[in-house]
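Work through the two exercises below with the sequence and the model at hand. Each task is followed by its solution in steps.

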Amino acid sequence: MSAELGINPWLAAGLAITASLLAGRLRMLNGSGVLAAALLGFAVLAYGGWGWALLLLAFFGSSSLLSRAFKSRKANVAADFAKGGQRDWAQVAANGGMALIALSLWLVGLIDGGQATLLYAGALATVNADTWATELGVLSRQAPRLVTSWRQVPKGTSGGVTGQGTLAALVGAALIGLLAAWWLPALPGRAWLAVSVAGLAGAFVDSLLGATVQAIYCCPQCDKHTERHPAHVCGTATELARGWAWLNNDWVNFISAAAGGLLALWLTGLLAAVA
């Protein structure tokens, strides 16, 4: 199987720049995010083709809409998130970096087009599942529980999960899996299932990292844990409370996306072997 051929580079550049500028105008991206999204969009269109681009658009569009939905109900929790409503270059790279890696591995001949497509779809299913779980899970009336110890934690705590958030993650992963099956017909018949399961599992990898080694800081003034560094929203300098200082939310997203992509490859091979 092979990935789709890319489109004309000039058309790809025009579409990528236009879409990124529109996202910036709608305040979905800041300045650095616009530049990073334009470069990512160009690479995906020019080398991956329409199917790859539509999967990326499905993730970015749905996650951006969810981040804006019910903002008043999320305000108290969102104040302690590392990410805000506008994505910057690091968040674009964290969520879309596996696309560039998959394309690069394909172009240099280390993997074939079908494997590159599965790696890409699994990674996108993961970040979509994680975003849906985050944006909809905080609306749950249930207190989240830490994925490692199952003790109750405040809403917004890294590594906290709820039933509502898990269901949202499943739907978010399945959306990418089903769209991949629809828009990327070169994939094997049951690849949508592998992509969906891999996306959900990748989201749990994100939660596990968040509960164990992700950098979490404390605001001495507010006496609250937060992902924000070097300063909390109140302006007070934050201090490392636990985790590895270098492992911020963006790195966690990237690592979990890589895990989801690799798992999609493995599961597809497993399904083919037992068919």
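**Exercise 1. Classify how helix 6 and helix 7 run relative to each other, then describe their contact.**

Solution. Helix 6 and helix 7 are roughly antiparallel, because angles over 145 degrees count as such. The angle between their axes is roughly 150 degrees, and the axes of helix 6 (residues 113-137) and helix 7 (residues 163-183) come within 7 Å. Axes are lines fitted to C-alpha atoms over the stretch in contact, with angles from 0 to 180 degrees between N-to-C directions. Helices are DSSP runs (H or I, at least four residues) and strands are E runs of at least two, numbered from the N terminus.

The model is predicted: local features need pLDDT of at least 70, side-chain atom pairs count only at pLDDT 80 or more, and totals for chains, interfaces and linings use all residues. Residues are numbered from 1 along each chain as its sequence is written, and side-chain values use heavy atoms, with hydrogens and water left out.

Next, list the contact (heavy atoms within 4.5 Å). Residues of helix 6 including Ala121, Asn128 and Trp132 meet residues of helix 7, among them Gln164, Ala168 and Ile176. By class, this contact has 14 nonpolar, five polar and no charged residues; Gly counts as polar, and Asp, Glu, Lys and Arg as charged.

**Exercise 2. Which elements give two or more residues to the lining of the largest cavity?**

Solution. Helix 6, strand 2 (160-161), helix 7 and helix 8 (191-212) do. Helix 8 provides the largest share, five residues. The lining divides into nine nonpolar, 14 polar and five charged residues.

Methods: Parallel < 35°, antiparallel > 145°, perpendicular 65-115°, else oblique.
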